Amino acid sequence: MEKIIIKNGNNFHQFVTDKALSIGRGFDNDIISNDPHIGNKQLSISSNPEKPGSWLITVNDQTNPVLINKRPVSSPSFVAYSGDDIVVGRSHFTLYSPDHAVAPTRAFTFTNWLHSHKLKPLLSIGLVALVFALSVVFDALASFTEINWKALISNNIFAIILITVWAACWSLVGKLQRQHHHFFSHLFFAAGVLGLSLLWESLNEYVIYFSPSYFINEFLPWLMAIVCLGLAIAFSLNLSSNTSRFLMKGMLTSFAIIGVFFIIAVFDKQEFSNNPEFVVTLKPPFAPKSSTVAAKEHVSSYQQLFEKLESLATQ
Amino acid sequence: MLKQAFLYLASIFIFISQIPLASAQDQSTQLFEQLKNRVFQVKVIDIASGNKSSIGSGFLVANDHLIATNYHVVSSYLLNPEKYKLVLLDNQQQSQELAIVDFDIIHDLALLKTKALPYKPLVIETSQPAKGNRIYSMGNPHDLGMTIIEGTYNGLVEGSRYQKYLFSGSLNPGMSGGPAFNSRGEIIGINVSKGGEQISFLVPAFHLADLIKRYRQNGEIAQADYNSHIYAALYADQDAYYQHILNLDWSTTSFMNYDLPDKIDSSLKCWGHIKSKDKDLYKNVHRHCRTEDRVYLDNNFYTGGFSYDYSHFSTEQLNTIRFYNLLQSRHNISGFYNGNKEDASNFVCTSNYITLNDSEWKATTCAREYLNYKGLYDASLIATRVDQYKESLHLSIRMIGISQHNLLNISDRFLELVSWKK
């Protein structure tokens with residue numbers, strides 16, 4: 001009696017048999033597929049007496065190519081080992097022997113307190129309130145006329161609604177994918193990312209102030225958008241699915257989304273403007289003394305300005 | 001009896017009071033009749049559509065069929081001769097084609113030539129009329145037909161970079177390039193622009209006499225040389241102005257706790273005010289000096305301005321973070337609203353933290369180059385003091401159509417004179 005486990009999509013099929021197993025669209029197969037690109041009796045899987053622990057796969061239908069570990073199979077039969085991935089038509093089948101090693105248990109990425117049902121709502125709502133307060137205070141500091149708290153609060157409510165909707169959408173995804181919504185966890189991380197973006201935005205202005213480079217001024221906000229959106233997607237992916245490498249996937253998705261906006265912004269940028277564009281940032285504390293120059297040196301720097309204009313003209 | 005005597009006296013009084021009015025009306029009627037054949041409508045015709053693109057007026061100034069008008073009336077033709085043609089329409093609605101022979105972009109004048117006009121030219125009077133003299137102007141406002149208007153001569157405009165006569169009469173679009181004349185029908189100026197209700201400006205006739213003289217000496221300007229001719233005039237004009245400014249002894253004025261360059265030249269007009277509203281948590285004292293003249297290059301491209309502004313900010317109520325947000329909102333250069341991508345490059349800027357007499361500032365200078373007149377720039381220098389918690393000064397200088405070396409020298413000179421009373 002030999003045991004074989006066949007994974008098809010997210011489903012695992014376990015067989016204990018001495019007979020050959022069959023995969024195909026026919027209803028007399030051991031694994032019945034509804035993929036129209038595979039044959040009626042596409043594959044037969046039997047024990048390989050020559051190499052114990054491996055299987056002999058016979059291809060019964062040559063209409064579409066069969067791939068093993070992403071490489072096409074040229075002969076009508078081939079040997080497969082535990083963990084090998086077979087693609088036929090648009091279906092994937094992975095074969096496992098019972099003693100196939102599994103990956104170590106993945107620990108919760110975040111501490112267990114987030115999984116405490118009592119703390120979760122309290123922590124999430126607390127963080128949302130904190131971020132909201134931070135946002136209102138930052139806006140108040142940015143104004144130089146009498147502060148209209150009512151207007152500031154109503155303006156910032158939108159951000160809170162946005163993260164709540166974000167959390168609700170991902171909860172729905174989680175409920176469908178993993179049968180658990182994790183709404184408060186989503187809310188907690190979305191609020192955290194919003195708080196991070198607020199702090200980063202303030203920090204950016206100081207970075208720009210100390211290094212008044214137009215390139216940095218242009219580049220930093222885009223980088224901030226990629227990182228913050230990437231983190232938000234990564235956390236949500238982690239909570240809503242079993243996907244591995246969620247941080248990388250989140251960042252790549254964010255890079256693609258922000259990249260589209262960046263390209264739109266580049267194409268949307270006016271070819272000609274009567275308004276000079278430069279870094280206007282002025283922040284206390286005072287001017288960085290190390291980079292302060294005499295007034296004459298500033299006037300001398302016009303020469304570079306004229307050279308830049310000259311090179312613009314030749315472009 | 002008494003009633004009859006009263007009626008008799010009253011009728012004499014009414015008759016006498018009407019004499020000057022009637023005489024003035026007679027004079028303008030006579031002048032109109034005398035000059036109407038020698039004042040024309042000048043039309044710029046768009047060749048593609050065959051319709052008029054712009055209109056102005058002009059008048060005969062010499063026996064060899066020379067017509068005088070404004071540069072701005074014919075500029076679209078002058079800058080794009082392949083797209084437009086110039087046409088003169090006389091009193092009998094007869095039209096004939098015109099050609100440009102010379103122009104003075106600085107004083108907004110152009111000389112045109114046509115094939116044949118069987119009229120006597122108008123006489124140019126180069127001396128200034130006495131202030132208060134009644135003068136007349138002719139032209140075709142809004143394409144409504146040739147009209148004559150009366151007004152008063154009020155001398156040369158004071159505090160102006162370019163000499164212009166102040167005409168207390170009402171010029172309207174379409175009259176540009178038309179003649180302004182005295183009661184003898186002699187040309188004293190050329191209609192050029194309007195400054196407000198009953199405030200109009202004339203180019204003095206002596207500039208037209210100079211232009212005619214130059215044309216007699218140098219001959220016609222070839223179409224291919226129009227651009228270089230404009231460039232030479234603009235360059236020479238800005239050079240003369242800024243060299244004049246730089247040769248002056250710049251005095252300083254006390255502005256809040258700073259010593260800053262005062263009104264440098266009579267061509268500048270200076271104004272000041274305090275901006276402080278109930279809701280403002282800071283006080284802003286502002287002063288600016290600027291020239292009010294500009295040189296017309298194209299429909300939406302002007303040059304020749306020079307201005308500088310000082311804004312002092314102080315607060316008791318704003319904390320440092322909020323005060324610096326206020327300063328940041330003012331550390332910008334407002335749009336030049338002038339020209340398009342065919343006229344000038346985009347702006348390029350340079351920023352530095354600088355020291356001015358032991359105080360620290362963020363200084364930014366932005367400039368763009370004229371595409372058709374290389375070597376001329378629009379530039380702006382702004383500086384905001386950044387080493388104080390509760391007060392700061394923002395200064396800004398704007399120079400339109402300036403050369404490299406004048407820009408360097410004016411910036412240098414200006415920053416040199418900024419000081420702070422500790």
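**Comments on the predicted model**

1. The structure is a predicted model, and local features are discussed subject to a pLDDT of at least 70.

2. Overall build of chain B. Chain B contains six helices and 24 strands. Its C-alpha atoms fill a box of roughly 80 × 75 × 40 Å along the principal axes. Of the 422 residues in chain B, 54% are buried. Among contacts in chain B with a separation of 6 or more, 63% are between residues 24 or more positions apart.

3. Helices α2 and α3 of chain A. How do these two helices cross? The axes of α2 (residues 149–178) and α3 (residues 183–210) of chain A come within 8 Å, at an angle of roughly 140 degrees. Angles over 145 degrees would count as roughly antiparallel; α2(A) and α3(A) are therefore oblique to each other. The crossing of α2(A) with α3(A) is right-handed. On the α2(A) side the contact includes A:W166, A:A167 and A:W170, and on the α3(A) side it includes A:F183, A:H186 and A:L187. The residues of this contact comprise 11 nonpolar, three polar and no charged.

4. Helices α2 and α4 of chain A. The axes of α2(A) and α4(A) (residues 214–240) also come within 8 Å, crossing at roughly 30 degrees. The two helices α2(A) and α4(A) are therefore roughly parallel. Here too, α2(A) passes α4(A) in a right-handed crossing. From α2(A), the contributing residues are A:W166, A:W170, A:V173, A:G174, A:Q177 and A:R178; from α4(A), they include A:L229, A:A232, A:I233 and A:S236. The residues in this contact are eight nonpolar, five polar and one charged. A:W166 and A:W170 take part in the contact with α4(A) and also in that with α3(A).

5. Helix α5 of chain B. Is this helix mostly covered or mostly uncovered? Helix α5(B), residues 320–330, is mostly covered, with eight of its 11 residues buried. The buried residues are B:T320, B:R322, B:F323, B:Y324, B:N325, B:L326, B:L327 and B:Q328. Their cover includes an element of the other chain, α1 (119–142) of chain A, as well as β16 (282–291), β19 (306–315), β22 (377–385) and β23 (391–402) of chain B. At the start of α5(B), a side-chain oxygen of B:N319 comes within 3.2 Å of the backbone nitrogen of B:I321.

6. B:D102. This residue lies in strand β5 (residues 95–104) of chain B. Which side chain does B:D102 join in a polar contact? The partner is B:R214, at 2.9 Å. B:D102 has a relative accessible area of 2% and, because buried means under 20%, is classed as buried. Leaving aside residues up to four places away in sequence, B:D102 touches B:A110, B:L111, B:L211, B:R214, B:Y215, B:I221 and B:H229.

7. B:S160. Where in chain B is B:S160 found? B:S160 sits in the loop between β8 (147–156) and β9 (165–168). A polar contact of 2.9 Å links its side chain to that of B:D293. Beyond residues up to four places away in sequence, B:S160 touches B:S266, B:S267 and B:D293.

Conventions: Residues are numbered from 1 along each chain as its sequence is written. Chains are lettered from A and ligands numbered from 1 in the order in which they are written. Side-chain values use heavy atoms; hydrogens and water are left out. Helices (H or I, at least four residues) and strands (E, at least two) are DSSP runs, numbered from the N terminus. A polar contact is a pair of N or O atoms within 3.5 Å; within protein, one must be able to donate a hydrogen and the other to accept it, and residues adjacent in sequence count only if both atoms are side-chain atoms. Contact means heavy atoms within 4.5 Å. Axes are lines fitted to C-alpha atoms, for helices over the stretch in contact, and angles run from 0 to 180 degrees between N-to-C directions. Angles under 35 degrees count as roughly parallel, over 145 as roughly antiparallel, 65 to 115 as roughly perpendicular and the rest as oblique. A crossing is left-handed if the near helix is turned anticlockwise from the far one by less than a right angle, and right-handed if clockwise. Ala, Val, Leu, Ile, Met, Phe, Trp, Tyr, Cys and Pro count as nonpolar, Asp, Glu, Lys and Arg as charged, and the others, Gly among them, as polar. Buried means under 20% relative accessible area, exposed over 50%, partly exposed in between (1.4 Å probe, protein chains only).
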